[in-house]
Amino acid sequence: MAEVLISLSVLLQAGCFGYLSGRLTPSGSLLLSCAGFALSALVFNGLRLVRRGRASGARANPADRRRVRRLLWLMNAVTALTFLSFYVALAWIPATLASGVETAIGPLALAVLAVVLGVGDRPTPRAWGWAVALAAVGGALAWRLTGGDGVGRSAVAGLALVAVAGAGASGLALVSKALGELGADPVTVTAHRFHLTYLGAGALFLVQGASPHDSGVALALLPPVGAAAVTVPLFVLQVGLQRARPMVAMTILTTLPGLTYLSEALWGGGVDAAGLALTALLVLLAVVSAAAGRPRAQHAARPPKPTDTTLFPASVASSVGSKDDS
């Protein structure tokens, strides 16, 4: 079910991004993101108030509450870092290349985090192989769709920031899984995680000095479009991330640029045979890799309750690069 939710989120985002492609200006994209993230905070904080009287697993004991609070602060910071790194990178490289590379390196970045931070077992050789293959094909697709634009010294800085964004996205998958194991309500997580992000998006928009009327979309459409492109799919994604294995989640997310390209073609964009072939290969690799990374039935039982000495639950530590990823 978690994989279905993540896939649904990817399809929702791809459909919206495909429609908006060629319509939004760079400043309009910032304004749309700001509207979508702010709407998420508004809607889900409202839902929290309505549901305040209902108990949640995250309130079971003080130790869990402390751990959840630390993870929510961490998620807020990493979400903002990921978003801001991506948008600053757009000053040097095309958006298609940035988004393609960010998602393509997700599984590889997750494997590196597992080794560097010691979160979980070291990735198996087969897990490394899948991650490298997805990064190669995803990067090739992004390069193909941009025609190699953005080559130059400035592109190095842009790609470095995109790498930071990709690592941040992988870290978010780990934090989301940890919150899920602690019983945190996805509504509560979504209510907290975007505060720094919409403030950062608004600040970037003001720094650019652009007018809201230059967004490429009527201002009256920004709230509903922001809800469709950001608020709804990211909540669905959050629910999936809290239930899925991080490597499986990041693998599914690698298909977003390719599916956005297909969506753009369906909305009247051009079709490139090589781009279609790379998209098909990327989706095929993602499906096979995600299926290989799902836990076997005999290992699917819920793990023991984590102790108060760890930030991440024990089950998260065993979910990155474990033997089941082979």
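Is Tyr19 buried, partly exposed or exposed, judged by its relative accessibility? Please also describe the helix in which Tyr19 lies.

Mentor: In this predicted model, Tyr19 has a relative accessibility of 34% and therefore counts as partly exposed, since that class covers the range between 20% and 50%. Its ring forms an aromatic pair with that of Trp267, with 4.9 Å from centre to centre and 65° between the planes. The pair is edge-to-face, because planes over 60 degrees apart are classed in that way. Tyr19 belongs to helix H1, whereas Trp267 sits in the loop between helix H12 (256-266) and helix H13 (273-293), so the pair ties together parts that are 248 residues apart in sequence.

Helix H1 itself spans residues 2-20 and packs against helix H11 (residues 246-253), with the axes 10 Å apart and at an angle of about 25°. H1 is therefore roughly parallel to H11, as angles under 35 degrees count as such. The crossing of these two helices is right-handed. On the H1 side, the contact is made by Glu3, Ile6, Ser7 and Val10, and H11 contributes Val248, Ala249, Ile252 and Leu253. Sorted by class, this contact of H1 with H11 has six nonpolar residues, one polar and one charged.

How values were computed:
Residues numbered from 1 in each chain as written. Predicted model: local features only at pLDDT ≥ 70, side-chain atom pairs only at ≥ 80, totals over all residues. Heavy atoms only, no water. Axes fitted to C-alpha atoms, helices over the stretch in contact; angles between N-to-C directions. Helix = DSSP H or I, 4+ residues; strand = E, 2+ residues; numbered from the N terminus. Parallel < 35°, antiparallel > 145°, perpendicular 65-115°, else oblique. Left-handed = near helix turned anticlockwise from the far one by under 90°. Contact = heavy atoms within 4.5 Å. Nonpolar A, V, L, I, M, F, W, Y, C, P; charged D, E, K, R; others polar. Phe/Tyr/Trp six-rings, centres within 6.5 Å; stacked < 30°, edge-to-face > 60°. Buried < 20%, exposed > 50% of the residue type's maximum accessible area, 1.4 Å probe, protein only.
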